[in-house]
Amino acid sequence: MNVQYLLYKNHNDHLLKNIDIVECDSVIGLRAFKDPQNIDLLYLDSFDLEDERDIASPTHHLAELASIYTKLRSGCLIAIDDCENQAH
């Protein structure tokens with residue numbers, strides 16, 4: 001149970017009417033996502049980049065994106081929170 005989410009939800013129900021928060025294995029969850037064509041913003045932040053030679057983080061993000069990309073509608077904004085440095 002995500003206690004912080006429940007506390008937030010109890011005080012901000014009006015803000016959450018159009019937001020779905022899903023907690024699961026990201027690749028499996030994205031593959032099984034119902035109605036992915038209704039996603040306006042896909043924000044991926046499940047794996048940290050440890051150093052610039054790390055291949056695990058970009059490989060995992062690629063697996064996440066590959067699991068849902070063809071199902072997204074044209075115009076969906078995709079953001080991934082891991083890059084080599086602030087300049088990227």
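Arg-73 counts as partly exposed because its relative accessibility is 33%, where buried means under 20% relative accessible area, exposed over 50% and partly exposed in between, computed with a 1.4 Å probe on protein chains only. Asp-40, with a relative accessible area of 52%, is exposed. These residues form a salt bridge whose closest N and O atoms are 2.7 Å apart, the term being used for a side-chain nitrogen of Lys or Arg within 4 Å of a carboxyl oxygen of Asp or Glu. The whole structure holds one salt bridge. The pair links distant parts of the chain, 33 residues apart, with Arg-73 in the loop between H3 and strand E2 (77–80) and Asp-40 in the loop between helix H2 (26–31) and E1; helices (H or I, at least four residues) and strands (E, at least two) are DSSP runs, numbered from the N terminus.

The model is predicted, so that local features need pLDDT of at least 70 and side-chain atom pairs count only at pLDDT 80 or more, while totals for chains, interfaces and linings use all residues. Residues are numbered from 1 along each chain as its sequence is written, and side-chain values use heavy atoms, with hydrogens and water left out.

Beyond its neighbours within four places in sequence, Leu-30 is in contact (heavy atoms within 4.5 Å) with Leu-42, Leu-44, Glu-64, Ser-67 and Ile-68.

Helix H3 also holds His-60, whose side chain is joined to that of Ser-26 by a polar contact of 3.1 Å.

Notes. Polar contact = N/O pair within 3.5 Å; in protein donor to acceptor, adjacent residues only side chain to side chain.
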